[in-house]
Amino acid sequence: MNQNKYTVLVVDDELSVRNALKRIIDKIGFNTILADSGESALDSLRIHNPNIVYLDLRLPGMNGLEVLKGIKAFDQDIVVFLISAYGTFKDVVEAIQTGAFDYIQKPFSNESIKISLLKADEAIRSKREVRQLQYKSNRGDGISFRAKSAEMCEILELAKDVAKSSDTSILIQGETGVGKEIVAQIIHYYSPRCKGPFLCLNCGAFPKELLESELFGYNKGAFTGADKSKPGLFELADDGTLLLDEIGDLSLEGQVKLLRVLENGTFFRVGGTAQKHCDVRILASTNRDLEQEIKKGNFREDLYYRLNVVKIRVPPLRERKCDIIPLAEYFIVEFNRRLKKNIKGLSPEVMTLLSQQEWKGNVRELRNAIERAVLLENSDIITMHSMS
């Protein structure tokens, strides 16, 4: 069986059943968490992030099917076994349709639980192979994006689907730091343009005059200091993908020029008279409500509809808390390599702390926190001391 220690949540209102399952699971070497009601089970999800759940069908308060729906909404990859002595065929069908992995009849034997754990281990490893996406560029660079939440898994699948069209414009929305650029990279590396360049420009990082010269390039003598001609990103990204981050910060004049590129693939360098051609897929991202910006007169409606052929909304980290620990563990691996450390994981107290924080800066804030902790930690796991 997988050498990783899974966390198993047992949900049953009978103490004898909880204890019996705990004895079997503990002998396998997994961590066992106990809950006597559906409400306490859902609370345990946020604290312990279990991989496997044994869930009684008949519980006081919320019934097993209601709890099952809550579990799947929290993390669709959790392997759930529904257990009951009274379940009907209709209950079994509904449970499987809702996302239960299997149904176990009471009274159960030690052997049947061990077999179910073996099946769960196989299912978890299989799902990890699918969900731990590795995206390779033509340069051999790797881009990893970890997702456990149902929302992010759906977004990753959508990104792969829309990537198949090499020209469709896509608008990626989300708060600062949620990972919009990584979603854009996924689209590029799954697209027919994957062998071409992937370039990104933050439209909010440049004043109007410099931004247009970055995008469209400039000719020698176009302005003071332009002692030689320079190609812009549209030329450099030819046959590839250009991500315009914070597109809402682009000037109205720049928006007109961008619209021309989207409509016929042509533009002029700053100070130039020769029409340039390019074959570039445009992806745009923003943390603003562009429809509100249109009403204020800050953003062109025709450009908005040209960019918004497909919209992908990346939810903030506080809405997908089950992604926090996998992301943190991935960042530990990254910073171990970069900082020459050998941190093996997170203490239970740190896991609880990370899961309960709001992360207003989203994935970027989490990444910074883990970088600092790996740098300061002197033991082989990240403790509360290095998180302070």
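The model is predicted, so local features are taken only at pLDDT of at least 70 and side-chain atom pairs only at pLDDT 80 or more, while totals for chains, interfaces and linings use all residues. Residues are numbered from 1 along each chain as its sequence is written, and side-chain values use heavy atoms, with hydrogens and water left out.

**Nonpolar cores**

A nonpolar core is here a set of buried Ala, Val, Leu, Ile, Met, Phe, Trp, Tyr and Cys residues joined through side-chain atoms within 4.5 Å, where buried means under 20% relative accessible area, exposed over 50% and partly exposed in between, with a 1.4 Å probe and protein chains only. The largest such core has 28 residues, of which Leu215, Phe234, Leu242, Leu244 and Ile247 touch the most other members. Among the elements that give two or more residues to this core are helix H8 (208-216), strand E10 (241-245) and helix H10 (252-264); helices (H or I, at least four residues) and strands (E, at least two) are DSSP runs, numbered from the N terminus. H10 supplies the largest share, four residues. A second, separate core of 23 residues includes Leu55, Phe74, Val80 and Cys322.

Isoleucine 247 touches, among others, Leu171, Cys203, Leu258 and Phe299, not counting residues up to four places away in sequence, contact being heavy atoms within 4.5 Å.

**Helices H8 and H10**

H8 and H10 pack at an angle of about 15 degrees, with their axes 10 Å apart; axes are lines fitted to C-alpha atoms, for helices over the stretch in contact, and angles run from 0 to 180 degrees between N-to-C directions. The two helices are therefore roughly parallel to each other, a term for angles under 35 degrees. In their contact, Lys208, Glu212 and Phe216 of H8 meet Glu253, Gly254, Lys257, Leu258 and Val261 of H10.

**Backbone features in loops**

Elsewhere, the peptide bond from lysine 106 to proline 107 is cis, with omega near -5 degrees, and proline 107 lies in the loop between strand E5 (102-105) and helix H5 (110-131).

Notes: Angles under 35 degrees count as roughly parallel, over 145 as roughly antiparallel, 65 to 115 as roughly perpendicular and the rest as oblique.
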